[in-house]
2 protein chains.
Amino acid sequence: MKCKVCGQTAAVAMKSHNAGFCEKCFLDFFRKMVARGIKSQNLFAPSTPILVAMSGGKDSLSLALELKEQGYVVHGLFIDLAIPESSAVARETTETFCRKHGIELLTRDLAREGLSIPLVKKALRRPVCSACGKIKRYYFNKIALEEGFTLATGHNLDDEVARLFSNALRWDEAYLSAQGPLMPETEGFARKTKPLWRLTEFETANYAFLRGVECHSAPCPYAKGASFSVLKNIMQNLENVMPGRKIDFYHGYLERGKPAFALARERENRNVSRCENCGAVTSGGKLCGVCGIRIAIAQA
Amino acid sequence: MKCKVCGQTAAVAMKSHNAGFCEKCFLDFFRKMVARGIKSQNLFAPSTPILVAMSGGKDSLSLALELKEQGYVVHGLFIDLAIPESSAVARETTETFCRKHGIELLTRDLAREGLSIPLVKKALRRPVCSACGKIKRYYFNKIALEEGFTLATGHNLDDEVARLFSNALRWDEAYLSAQGPLMPETEGFARKTKPLWRLTEFETANYAFLRGVECHSAPCPYAKGASFSVLKNIMQNLENVMPGRKIDFYHGYLERGKPAFALARERENRNVSRCENCGAVTSGGKLCGVCGIRIAIAQA
């Protein structure tokens, strides 16, 4: 296969674009897709200070590298979950990456916050994944708000498409009116963006490989048989049979699905309430989800 | 496995209901699901004259049998497509079925209408499936309107779920605001219903088998590699991993998805226009789709 741009031998074959790219042209393509994803959805301006939520994985590190090279002011944020045999490696990987690329790294230790994930896992009877996600998002939001950053996460097209499929299967009006590459700033919430939304997991993995991004790829020891990967596989099988369906599904949602649900939700009255303990915005109840987990830990 | 109702040996195992049924209790279950599907969506009243569109397949014949046994006034309608090695057998099967069960059968010959499917296929350069569907729906609608019937088709849950998945993948606002077990009568359109919408293909096949419905099951010789069966398989794979997802997806759509898109479409202004040749309602243009096909045949 030849590079569709320059005709040299291709290094990356991409079915959904029905094309191959050599290394240089692939990196150009990746750059353009990130830039177009930012511009078309108006994610942030060139001078906006960006806080990239870093897990140590290929997506978040690739995102930080690419944004920095496109001239953005990039900081990293690492939340140390204190998961044995996983968090220490992820932290080391992230710190090494940031040192190498001159990216300032903010860190927060959940163990110091009394919320280490093994402790949370012990206190809760259900699988810990949802609580872990909630705690991470809480600190991402809190730190971005306090420090005046726009948040950027490494979610790629496959993450977004699987999430959208899950939301559509449940016809979840709240999520279907809100999901997308941009969550604008609202009372108590920092602006959140997903600049890699146009790029597949395969494309991001190729970028990380070609750019020599050393990343942490071991799966979390607590995440077994997550339903999310079932949905990811289903959408990938569809993509294999009908190339282009993933981006069409997501793009069509942004253009036609999301506005329809946003209109339907406009009529509802939603009150903003604040957590009595920490002051975070909550969707209901006196305490936010994270302070609820704190109480569960105290009572365990 | 035991019947979940009476404890006898089960004859039918149903994963999505996590239950098995003996023959008698399965037929009771089927009956209740049809009745509930009619009542909950207000498809038609007990005295409404029903015209069942019959293909000779298990779904349409089972539907006609069950409706008749539930006391409805049922007529059949068979459109003879004049497809070699297929239509004659389907017609014979349908006629035998109707004679056996005392159901009056209306027929229409596409060959006499100058629209035999082999002729249409020769005149069109694209696959004939979409034109064939258009022609059938045209005559279903025309005859139901002329004779004052409510139309009923044998679409089952799998048909509807695959169609919904296809519509959702494209976020097709027009279809997502209209798809469902009931298409109410509007100017130029008969009332159309799908009383089997709560029952899966597997369940309808079991009903046909247990009731001794002799049906025509050979696939159409023109329908090869249709994308629709890809979507059906995908949704069935999902159902196998997460039982209950198919009916939840469809039900959630009826409760939350469809109203959101209907609201979004309310703001649009849609004009009704009539075909200059046959007077049927068209979505635009001077001629309806079927009269367009007639011209293609004349020019071929």
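1. A word on the ground rules. Being a predicted model, it has local features judged at pLDDT of at least 70 and side-chain atom pairs counted only at pLDDT 80 or more, while totals for chains, interfaces and linings use all residues. Residues are numbered from 1 along each chain as its sequence is written, chains are lettered from A in the order in which they are written, and side-chain values use heavy atoms, leaving out hydrogens and water.

2. Start with chain A, which has 11 helices and 10 strands (DSSP runs, with helices being H or I of at least four residues and strands being E of at least two, numbered from the N terminus). Its radius of gyration is 20 Å, close to the 19 Å that the globule rule gives for 300 residues, so chain A is as compact as a globular protein of that length. The radius is taken over C-alpha atoms, and the rule is 2.2 Å times the number of residues to the power 0.38. Along its principal axes, the C-alpha trace of chain A spans about 65 × 45 × 40 Å.

3. Now for the inside of chain A. Buried residues make up 50% of its 300 residues (buried is under 20% relative accessible area, exposed is over 50%, partly exposed is in between, with a 1.4 Å probe and protein chains only). Of the contacts in chain A between residues at least 6 apart in sequence, 70% join residues at least 24 apart; a contact means heavy atoms within 4.5 Å.

4. Two residues are worth a look for their backbone. Trp171(A) is not a glycine, yet has a positive phi of about 45°. You'll find Trp171(A) in the loop between helix H6 (157–170) and helix H7 (173–176) of chain A, and at 0% relative accessibility it counts as buried. Over in chain B, Ala82(B) also isn't a glycine and has a positive phi of about 65°. Ala82(B) sits in the loop between strand E4 (73–80) and helix H3 (87–101) of chain B, and counts as partly exposed at 27% relative accessibility.

5. Finally, the place where the chains meet. The contact takes 28 residues from chain B and 28 residues from chain A. Between them the two chains bury about 2500 Å², with 78% of it on carbon and sulfur atoms (the accessible area, 1.4 Å probe, that two parts lose on being put together, summed over both). Leu169(B), Trp171(B) and Arg256(B) supply 29% of the area that chain B buries against chain A, more than any other three residues.
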